[in-house]
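Reader: I am new to reading structures. Please take one part and walk me through it closely.

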Amino acid sequence: MEGDQDLQFLLQGGDLLKVRSQSWKKTRYFKLQDDCKTMWRESKRTFRKKQTFLLDDISVVRHGRQSEGLKKNTEENVEGRCFSIMFKSQRKTLDLIASSEEEAKQWVSSLQKVMFNISNLSHQQKTEHWIYSCLRKADKNDDDKLSESEVKRFLRLINIEVDDDYAEMLFKKCDKSNTGLLSGEEIEHFYDLLTHREEIDVIYGAYAKTTGYMSPQNLLDFLMKEQREEVTLADAHNIIRKFEPDEGAKGKQLLSKDGFLMYLHNADTMVLNPKHKEVYQDMSQPLNHYFISSSHNTYLMEDQLKGPSSTEAYVRALLKGCRCVELDCWDGSDDEPVIYHGHTLTSKILFRDAIQAIKEYAFKTSDYPVILSLENHCSVEQQTVMAHHMNSILGSALITSPLGEGMPSNFPSPEELKGKFLIKGKRLNKLEASFVQDTAAAEDTDVTEEEESNDEDEEQQKKSKKKLKMAKDLSDMVIYCKSVHFHGFEDARKNLGFYEMSSFKEHKAMGLAEESANAYILHNVEKLSRIYPAGSRADSSNYNPVPLWNAGCQIVALNFQTSCSEMDVNQGRFLVNGKSGYVLKPAYMRDLSSEFDPITLTRGDWLKPKTLHVMVISGQQLPKVNKKKSSIVDPLVKVEIYGVQADVAEKETNAIENNGFNPEWNENFQFDVYVPDLALLRFVVKDYDSTSGNEFIGQTSSYFLITAPTLCFHAGYRHVPLLNKNGDLIPSAGLFVHVMVLDAE
């Protein structure tokens, strides 16, 4: 992008008005730093002269008064001058006002352009960019040369601790000019020594049989034997043409070691099968035949008792592929319903604003339907307002009558519902009677989620049920997801329509999944089930969703705002199938005659015993846990299997002392997997600490189904990108592993 006008605009920077409240609006100078990936701003506060944030940390840049802060704290006449920067983490949104509408558009378009270019850098470019920025930081006097002390500083910056003798040896090896300083080609030689990977030498050397290079036939042998890929000689020729950086070698149809490494770093050759980055499953099955990515109390940014509510929480969940969001609705002032966690100190947002945000971001990540789960505590009058807002904002995208002619007998498919919104909530009557009943309001005695989560016994619940009147306008919007109380599997089978669904508190659902797993599975063949966290989880912690998926539950709702292993599992479950938020359940979980039980594991089609071999070879550019310059990590890798009880397992490597830049483990593990359709694989990198719990460094780009029905991950030698706690990619960081799945003997 050298010479690009948008890049130059950001590098030059300018004054922007930062908005925190109606009374706090202050001018701050923003500019892009020379590394082209860090935004810098100057603060007037003497103890905080410079503040920065990475472009990689930005989720989205929104033009106009779209954030809650700008809507609340600015007037409509500055609409065109406003823009907001929303972050991937829980960091507060940055609300800004430019001096003109043209300048605001320039900031937005320039940021979006540079962010797009950064996200599309190759792995090698990202690594070089990162190392270059560390070299700049290490060069204290900005003379484009490195002294021995600056080399040691640089090594600490890139997460390597070496003794003085080794650092001196490395320095002298590169200081060909004997000046006591490294410059130009000497720094390049130093870089080559640092990034040299012995494990790649071994693999490449085993197949480079043509004058020290790989010929197309050598490459084909590697791809077929090691990577287990179905490829031809023509494919090998294409790989050389695409990845060989040396024109001389390319002209001779040879692949150098650099070209081989570039190929292994290509996104399509990493551990996740690229075919599964697109929608590849049959999307024409009934809606309840899919696992559906789902959020609990979606509006909350933090805890359940006093944290803020925000429309941005809906935006974040939807951008992560969530397909079922929750709205807790209460009467607000000025006849406007609000959303918040009732009877707590959480802040309130307008129902109207939430629906507007949902409409705008519902289909950015996935085209498939979004379910709006209404927890309705409003009066009839404000329920009518809710219905009006959903009708006027969502328009024809809102499903307000069954698809097709007459009374349906089953759910429509995600394909049929593309781009549509479904309402989950209470309904005055059976769907079958909806065309003849003309009642304006009626009484509903089903408990809400909040009442059900009080852990009261059944008799006490009956006494405490509140009678809630419903507006017909809102009731009539509930078509395929009518909320009803659960009175047992037999009652549901005999008395409930396919569209009538129950919500289960986690403990009740876990009990059913353990004691009546097959009955639960058969229940979910015909109906939808929603699971939600216990009311005692005031800190917005999460439960393990895997046992509920094993029981066929579709809408397993989690607190999306909380970074934890349970959310990692959820992200992994829905990483495949194009991040559509819908994953087709195995055939034996869609069959009313199925005898599958994930606890007892009786014989059946689900038993496909496999042996999973995993070799953890090395790591690259692992981030620091402690940001202090002197802090170096001691990384270890945990390999975890999630699935049915018989398959759950974890193993870990030894820790490597003082090396987060290029640690090598070369450790082998073996796992027996009996129900591979439901198995999930996870790599977790931690910083070993003998005195306390090991600290999290990164995790794989989530989890991968072992078969479904083909491998969701590539076999052979593969790079595994790492994510941070929030589930966002860590640039340049990764693992190098060898994986293989074989039929069990």
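Author: Q90 sits in the loop that links β6 (82-87) to β7 (94-97). Strands here are DSSP runs of E, at least two residues long, and helices are runs of H or I, at least four long, numbered from the N terminus. The model is predicted: local features need pLDDT of at least 70, side-chain atom pairs count only at pLDDT 80 or more, and totals for chains, interfaces and linings use all residues. Residues are numbered from 1 along each chain as its sequence is written, and side-chain values use heavy atoms, with hydrogens and water left out.

Q90 is partly exposed, at 38% relative accessible area. That class lies between buried (under 20%) and exposed (over 50%), with a 1.4 Å probe and protein chains only. Leaving out residues up to four places away in sequence, Q90 touches M301, R316 and Q561. Contact means heavy atoms within 4.5 Å. Q90 and A313 are 223 residues apart in sequence, yet their C-alpha atoms are 9.5 Å apart in space.

Now the domains. Their bounds come from an automatic or database domain assignment. Domain 1 covers 5-120, and domain 4 covers 287-430 + 467-589. Domain 3 spans 198-266. The centres of domain 3 and domain 4, taken over C-alpha atoms, are 49 Å apart.

The contact between α8 (residues 198-207) and α12 (residues 257-265) is made by I200, D201, I203 and Y204 of α8 and K257, F260, L261 and L264 of α12.

Definitions and conventions: Axes fitted to C-alpha atoms, helices over the stretch in contact; angles between N-to-C directions.
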